[in-house]
Amino acid sequence: MSGTERGYLDVDGTAVKIPYTRVEGRQAGPHLLVTGGVHGGEYPGIEAAIRFASMLDPRTLRGGVTIIHMANPPAFYGKSQYVVPLDGKNLNREFPGSARGTVSQRMAYAVFQLARHADAWVDLHGGDIHEALVPFVIYSPLGNPAVAERSRSMAHAYGISVLVESASLEGGSYATASLNGIAAILAESGQMGQLDEAAVQRHLDGLFRVLHLLGMLDHPGLSEIPPDSHRVYTRNLWVHAPVGGLHYPAVRVGDEVRKGQIGARIQNEWGEVVAEMAAPSDGRVLFQATSLAITPGDPLFAVVAP
Ligand SMILES: [Zn+2]
């Protein structure tokens with residue numbers, strides 16, 4: 001039956017309630033899942049999910065859309081970077097989750113049950129509270145080739161020119177989805193705990209382009225971006241902090257770097273350099289930590305290469 005329904009998704013065995021909207025179109029078609037706020041400090045994706053839900057009209061939609069406005073309310077209200085504060089786990093490393101696990105694992109399980117009923121999934125992210133990044137879309141080549149191809153075409157349609165094809169799994173949304181037969185992309189727009197309007201709009205435009213690609217909506221009124229403007233990277237190399245201390249970036253996001261070039265320095269509280277971290281490859285800096293404070297194991301920067 002067509003219409004719009006809103007409510008909270010209960011996460012069994014926890015007090016977590018996840019706000020959602022479900023829009024069922026008058027005409028039959030595919031089902032799309034959209035998730036905002038898997039990381040609670042990535043505000044543009046949350047705002048885009050909320051607005052997208054209010055912009056869909058069951059009279060013109062073919063198929064259905066489920067929008068999770070904020071997948072991780074404990075992290076959002078806790079202003080927590082990377083992790084769910086209740087158990088210290090990164091929700092985007094826990095898919096497909098577990099019905100009997102920790103809070104994060106149960107949240108991942110609840111969200112992934114929705115993904116299992118979807119034909120496609122767009123997971124909205126951005127730089128976290130202390131992260132800067134170049135907007136990009138990431139997808140997985142794993143699993144059924146037809147599903148991977150659909151993910152690839154969604155990534156190309158989104159309207160962001162930087163694409164990362166990542167074959168790693170690690171419990172991430174898009175890779176787990178792909179292995180389970182669900183076409184999926186993870187789109188990164190926005191950064192550093194800011195609600196930036198251009199970043200919100202970039203996500204909204206991407207979502208409407210995906211609806212158009214899937215045949216769920218006509219005439220989104222958005223121009224195509226030329227296919228030859230896309231840059232596809234298949235290597236995504238992270239550099240992590242070997243020690244804690246004060247962090248001084250030596251490159252900026254978007255920079256082209258050479259292998260061996262120093263990307264970040266860590267100093268102790270007396271200002272002495274205790275670690276210098278080099279770029280592991282020629283490539284482009286896509287992501288960077290922006291906090292002065294760094295603890296061992298924290299991601300410092302990522303370099304992508306073709
Ligand atoms: Zn994220």
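Hi everyone, a definition to begin: two strands pair if DSSP finds at least two bridges between them, and strands here are DSSP runs of E with at least two residues, while helices are runs of H or I with at least four, both numbered from the N terminus. This is a predicted model, where local features need pLDDT of at least 70, side-chain atom pairs count only at pLDDT 80 or more, and totals for chains, interfaces and linings use all residues. Residues are numbered from 1 along each chain as its sequence is written.

Let's look at strand S12, residues 245–249. Four bridges tie S12 to S14 (residues 262–267), and the two run antiparallel; His247 has Ile266 in S14 as its bridge partner. S12 also runs antiparallel to S17 (residues 293–294), through two bridges, with Leu246 partnered by Ala293.

Now the helices. H1 (residues 43–55) and H6 (residues 197–213) have axes, lines fitted to C-alpha atoms over the stretch in contact, that come within 8 Å and cross at roughly 50°. Angles run from 0 to 180 degrees between N-to-C directions. Under 35 degrees counts as roughly parallel, over 145 as roughly antiparallel, 65 to 115 as roughly perpendicular and the rest as oblique, so H1 and H6 are oblique to each other.

Who meets whom? With contact meaning C-beta atoms, placed from the backbone, within 7 Å, Pro44, Gly45, Glu47, Ala48, Arg51 and Phe52 in H1 meet Ala199, Val200, His203, Leu204 and Leu207 in H6.

Finally, the domains, whose bounds come from an automatic or database assignment: domain 1 covers 3–231 and domain 2 covers 234–305. Their C-alpha centres lie 28 Å apart, and the contact takes 10 residues from domain 1 and 11 residues from domain 2. Thanks, everyone!

Key: Contact = placed C-beta atoms within 7 Å.
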